[in-house]
Amino acid sequence: MPTNISVSKKKCFEGCKLQFKYQYVDHIKPVEDVTPDVTQKGLVMHQTFEHLLQFENYEGDVAKLPYRQASTEDIMKIFQKAVEENHLTAEAAKKYKLKKGIKRWLSFKHDYMDKRGHIFYAEKKYEEYLFGETKTTAILDLVEDNGDGTYNIYDYKTPQKVNLKLYEEQLMTYAYMMAVVKGIIPLNSEDYDKVAEHFKLYVFFPLLDADHEDYGPSLKQVKFTGAKVKNTIEHLKEVCSQIDAFDFTKPAEALMPPKVEFTCNWCSFCGAKPNPAIGFEGCPITSFAGFLQKTEFKKEEYKKEEKK
């Protein structure tokens, strides 16, 4: 069974228990990279933004105030490396207008972040045992330390249209976790209002379907209350209990969703063929619908993490 939970794992369990079983219980992986370009472009953007921030605002591993600005050549090297490492084609990069997304982020960095005079941390990871033996994990795209005990959390999302409601749960979980880690509230605290008082939440959309190149239209604030944080954390705790009690030995037909969803196109197991040698049943519903996954799958060795 999984020893940690995240918002993405929670959503996976709620959306497709078969995918959850393969990915987090059985630890089955495709032999070849089958990541769809809609996911790859997000990975490229995240890596590019993270490395640009490190290039401009870090000396080694130490975050500092801005001390240099990347040249066009530096920016393109960082971007091309991200494209290559995430196996995104040049055609897909052009289709999703990734270079325009970088221009918007650079405006966000130079015209917003740098002028605020605060320390920013990229890809900040927090882990805490919020619910018994299950560790909650969160990786924050960007954190701003305001220097007065308050923080701003920024998350990068790469759709072409804005829908803030999709990301409220994730960002509020991040805020609650960070509040515990930073000592703003104690572990198991129900002082959810204090979380809302100490954090502001934002989503940055670099790839919006629009003509702007400045950051303004891409930066959106997520409004939230202590009551919303409470509902989010209590629901996450409930799903953790459901996962712990769930019978993942059921056959694939009992675990798959009742119909093919559009998100199935983003799943590594979409149209996968069975491999009885590793106890892999494939994905019957998408195979029946005509999807075909050409790659084979393997089972990875997994060592359970001990609680420290």
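**Exercise 1. Determine how the side chains of Asp-26 and Lys-21 meet, and whether the two residues are buried or exposed.**

Solution. Start with the contact: the side chains of Asp-26 and Lys-21 meet in a salt bridge, at 3.1 Å from N to O. The term stands for a side-chain nitrogen of Lys or Arg within 4 Å of a carboxyl oxygen of Asp or Glu.

The model is a predicted one, in which local features need pLDDT of at least 70 and side-chain atom pairs count only at pLDDT 80 or more, while totals for chains, interfaces and linings use all residues. Residues are numbered from 1 along each chain as its sequence is written, and side-chain values use heavy atoms, with hydrogens and water left out.

**Exercise 2. Find how many salt bridges the rule gives, and describe the pairs of Glu-73 with Lys-77 and of Glu-144 with Arg-116.**

Solution. The count comes to 13 salt bridges.

Step 1. Glu-73 forms a salt bridge with Lys-77, their closest N and O atoms being 3.6 Å apart. Because they are four residues apart in helix 4 (residues 72-85), Glu-73 and Lys-77 are separated by about one helical turn. An α-helix has 3.6 residues a turn, so residues three or four places apart point the same way. Glu-73 is exposed, with a relative accessible area of 52%, and Lys-77 is exposed too, with 53%.

Step 2. Glu-144 forms a salt bridge with Arg-116, the closest N and O atoms lying 2.6 Å apart. This pair links distant parts of the chain, since Glu-144 belongs to strand 6 (residues 134-145) and Arg-116 to helix 6 (residues 98-116), 28 residues apart. Helices (H or I, at least four residues) and strands (E, at least two) are DSSP runs, numbered from the N terminus. Glu-144 is buried at 0% relative accessibility, whereas Arg-116 is partly exposed, with a relative accessible area of 33%.

Step 3. Salt bridges also link Lys-10, Glu-14 and Glu-169 in a network.

**Exercise 3. Work out which residues of helix 9 are buried and where they lie around the axis.**

Solution. Begin with the length: at 1.5 Å a residue, the 20 residues of helix 9 (residues 226-245) should span 28 Å, and the end C-alpha atoms are 29 Å apart, which agrees. The expected span is 1.5 Å times one less than the number of residues. Next, list the buried residues of helix 9, which are Gly-226, Val-229, Thr-232, Ile-233, Leu-236, Val-239, Cys-240 and Ile-243. They cover an arc of only 155° around the axis, and therefore lie on the same side of helix 9; the arc is that of the directions from the helix axis to the C-beta atoms. On the other side of helix 9, Asn-231 and Ala-245 are exposed.

**Exercise 4. Describe the aromatic pair of Phe-13 and Phe-20, and state which rings have a charge over their face.**

Solution. Rings of Phe, Tyr and Trp (its six-membered ring) pair if their centres lie within 6.5 Å, with planes under 30 degrees apart counted as stacked, over 60 as edge-to-face and the rest as tilted. The count comes to 26 aromatic pairs. Among them, Phe-13 and Phe-20 form an edge-to-face pair, 5.5 Å centre to centre with 75° between the planes. Phe-13 is buried at 2% relative accessibility, and Phe-20 is buried with a relative accessible area of 0%. Ring pairs also link a cluster whose members include Phe-49, Trp-105 and Tyr-215.

For the charges, Arg-68 lies over the face of Phe-55, at 3.9 Å from the ring centre, and Lys-124 lies over the face of Tyr-121, at 4.8 Å from the ring centre. The rule asks for NZ of Lys or CZ of Arg within 6 Å of the ring centre and within 35 degrees of the ring normal.

Note on methods:
Buried < 20%, exposed > 50% of the residue type's maximum accessible area, 1.4 Å probe, protein only.
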